[in-house]
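Hi,

Here is the structure for you to look through. Open it first, then read my notes below.

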Amino acid sequence: MNFYLIDDDRNILLLLKQIILNRQLGHILGMETNPLTALKNLTTLDPNIVLVDLLMPEMDGITLIKRIKKSKPDAAFIMLSQVSDKEMVAKAYEAGVEFFIQKPINAVEVESVIKKVSQNRSIQGAYDKIKGILNADITDSSVTETTKENPDVLKALFQRLGIASEIGCKDIQETVLYLVEKNQVLGDVTLSEVLGNLNPSPKSMEQRIRRTAMVGLTHLAHLGLDDFGNEDFSEFASSLYGFDQVRKEMDFLKGTSKTHGNIKMRTFINSLINYYQENM
């Protein structure tokens, strides 16, 4: 992974650089104390991950991220902050931040967060890999064998999402393992086509999947209301549901909105596929 670091405190930059290099997390493309200079420098650089301070005198981190994303839409952002205000954190997530690192900097936390974001960055790579072999003749029986041997990966995830006891978990697991075995993702085929191959009553199966996914959305929203820094909330809110939809569900739970968050099934299922492949 290639990193670019932005913080108005040079000591923080040096500390982050030391952690990243000493723990062999990736390469440093550059670091800058002035966000305006960083914007200029990034026009010729292509970082995978940008670490950005929230509060800087020339420009706040949220505004900076929005401007960077215009030219670097594929970059991931980690925000450094001493601020714990929920509204500010929510704005940062909506701007595209994937994780927060609280100041003062802790080396163990930095390593953990970077590794999680690096895993998330591999999702698109996994999509490309799958699509690249769609036309290949699948003769290796180890693919089927692997899906049979590793359902516990999904079961552990269902526990973290608070849906392990839901009847639709079996349907979700069957759908994900089917797509993995066929080297497909939703978009190459429709959910209706997949469920039609798995169940004589595909509409009932889809309803169970949607109800279970909604329970997971509500669970993550509750976690976010209690603690924006919760590990499961940080890892899954954006990747499985999209933070905008989790935020809508949070507003519904608070009583400030009459509208639930929505489930984007393609995003939900494809993210589960990639999580499974990364962890099996």
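Predicted model: local features only at pLDDT ≥ 70, side-chain atom pairs only at ≥ 80, totals over all residues.

**What I found**

Five strands form an open sheet, ordered 2-1-3-4-5, with parallel pairing. Strand 2 (27–32) and strand 5 (97–102) stand at the edges with a single partner strand each, so one side of each has no neighbour in the sheet. On average, neighbouring strands are turned by 20 degrees against each other, direction ignored. Strand 1 (residues 2–6) pairs with strand 3 (residues 49–53) over four bridges. There, Leu5 has Leu51 of strand 3 as its bridge partner.

Two helices lie across these strands. Helix 1 (residues 10–22) lies across strands 1, 2, 3 and 4, and runs at about 180 degrees to strand 2. Helix 4 (residues 86–95) lies across strand 4 and strand 5, at about 140 degrees to strand 5.

Last, look at Leu191. This residue belongs to helix 9 (residues 191–198). Is Leu191 buried or exposed? Its relative accessibility is 10%, so Leu191 counts as buried. Leaving out residues up to four places away in sequence, Leu191 touches Thr175, Leu186, Glu206 and Met265. Arg266 is 75 residues away along the chain, yet its C-alpha atom is separated from that of Leu191 by 7.9 Å.

Best wishes

How values were computed: Residues numbered from 1 in each chain as written. Heavy atoms only, no water. Buried < 20%, exposed > 50% of the residue type's maximum accessible area, 1.4 Å probe, protein only. Contact = heavy atoms within 4.5 Å. Pairing = 2+ DSSP bridges. Axes fitted to C-alpha atoms, helices over the stretch in contact; angles between N-to-C directions.
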